[in-house]
Amino acid sequence: MPNLSGFRIRSPNPIRERVYSHLRKAVLSGRIPTNERLVEAQLALQLGTSRTPIREALHKLELENLVSSIPRVGYVVKGLSEEDVNDICEIRSVIEGLAVKKAISQITEKNLERLRKNIEETRRAIHEKRMDRMVVFDTEFHDVLCQSSGSKRIHELSQLLREYMLKFRIECLRVPEIASKAALAHERIFQAICERNLTKAQTSIDDHLREVREDIINYYRSADKSHA
């Protein structure tokens, strides 16, 4: 049974939206792990609501391909396949390449400073072995990059794609070698933006997301072997 303590409903939004939002965050963050069975009655008890909004939320999560409906079992949290990881990283590369194309000539000094500070804090976290902070800095870096494009749609699409990979990225970035590699990639992207070198910036993004894809796939292949 998933532990959803801390996910108590407090928002003023309609109950069905609040339930959906809480369950979605719990699945995407890995708080409810892959292959976990989701039981309507248990979830309703934990979230302090009836089973109807739970049922509606689970159906919406199924449409997003985050859970599977299994006859006589109920809903089960899905993982990402290697094909999913490949697709998401390839699409992110296109979207973030477009983001940097739009951002490189108009990025503000404020956002350049945010990226610089992000890189500093990332280095400090790695040095202090505070690997639990890495996913926060990783998310912030890509958020600022996409916000700097000035396109709301680019930012939204980038966020959505990164959300699907969140629980896998959380695990990978706890590995110091992977975190260091990501930090260096961010530094290369930042340097290219400071130089206003679009080709270098887009190439750096492509290289970074190829490494992200390989890191996630290799990490979970190794995990599967250790559990075999």
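Predicted model: local features only at pLDDT ≥ 70, side-chain atom pairs only at ≥ 80, totals over all residues.

Student: In which helix is I217 placed, and with which residues is I217 in contact, leaving aside its neighbours within four places in sequence?

Tutor: I217 belongs to helix α10; helices (H or I, at least four residues) and strands (E, at least two) are DSSP runs, numbered from the N terminus. Contact means heavy atoms within 4.5 Å. With neighbours within four places in sequence set aside, I217 is in contact with E82, V85 and N86. As for N118, I217 is 99 residues from it in sequence and 26 Å from it in space, C-alpha to C-alpha.

Student: How is the packing of two helices described?

Tutor: Two packed helices are described by the angle between their axes and the distance between the axes. Axes are lines fitted to C-alpha atoms, for helices over the stretch in contact, and angles run from 0 to 180 degrees between N-to-C directions. Here, the axes of helix α5 (residues 109-127) and helix α9 (residues 176-194) come within 10 Å and cross at roughly 160°. α5 is therefore roughly antiparallel to α9; angles under 35 degrees count as roughly parallel, over 145 as roughly antiparallel, 65 to 115 as roughly perpendicular and the rest as oblique.

Student: What is the handedness of the crossing of α5 and α9, and which residues meet there?

Tutor: The crossing of α5 and α9 is left-handed. A crossing is left-handed if the near helix is turned anticlockwise from the far one by less than a right angle, and right-handed if clockwise. On the α5 side, L112, L115, R116, I119, T122, R123 and I126 meet A179, S180, A183, H186, E187, F190, I193 and C194 of α9. The residues of this contact of α5 with α9 comprise nine nonpolar, three polar and three charged. In that division, Ala, Val, Leu, Ile, Met, Phe, Trp, Tyr, Cys and Pro count as nonpolar, Asp, Glu, Lys and Arg as charged, and the others, Gly among them, as polar.

Student: At roughly what angle do the axes of α4 and α6 cross, and at what angle do those of α6 and α7?

Tutor: The axes of helix α4 (residues 82-103) and helix α6 (residues 134-147) come within 8 Å and cross at roughly 55°, which means that α4 is oblique to α6. R92, E96, A99, V100 and A103 in α4 meet H142, L145 and C146 in α6, a contact of five nonpolar, one polar and two charged residues. The axes of α6 and helix α7 (residues 152-164) come within 8 Å and cross at roughly 160°, so these two are roughly antiparallel to each other. The crossing of α6 and α7 is right-handed. In α6, T139, H142, D143, C146 and Q147 meet I154, H155, S158, Q159 and R162 of α7; the residues of this contact divide into two nonpolar, six polar and two charged.

Student: How many aromatic pairs does a search of the whole structure find?

Tutor: Rings of Phe, Tyr and Trp (its six-membered ring) pair if their centres lie within 6.5 Å; planes under 30 degrees apart count as stacked, over 60 as edge-to-face and the rest as tilted. The search of the whole structure finds two aromatic pairs. The rings of F168 and Y220 have centres 5.3 Å apart and planes at 75°, so this pair is edge-to-face. F168 lies in helix α8 (residues 166-172) and Y220 in helix α10 (residues 198-227), so the pair ties together parts 52 residues apart in sequence. F168 is buried at 8% relative accessibility, whereas Y220 is partly exposed at 24%. The rings of Y219 and Y220, with centres 4.9 Å apart and planes at 75°, are also edge-to-face. F168, Y219 and Y220 form one aromatic cluster.

Technical notes: Residues numbered from 1 in each chain as written. Heavy atoms only, no water. Buried < 20%, exposed > 50% of the residue type's maximum accessible area, 1.4 Å probe, protein only.
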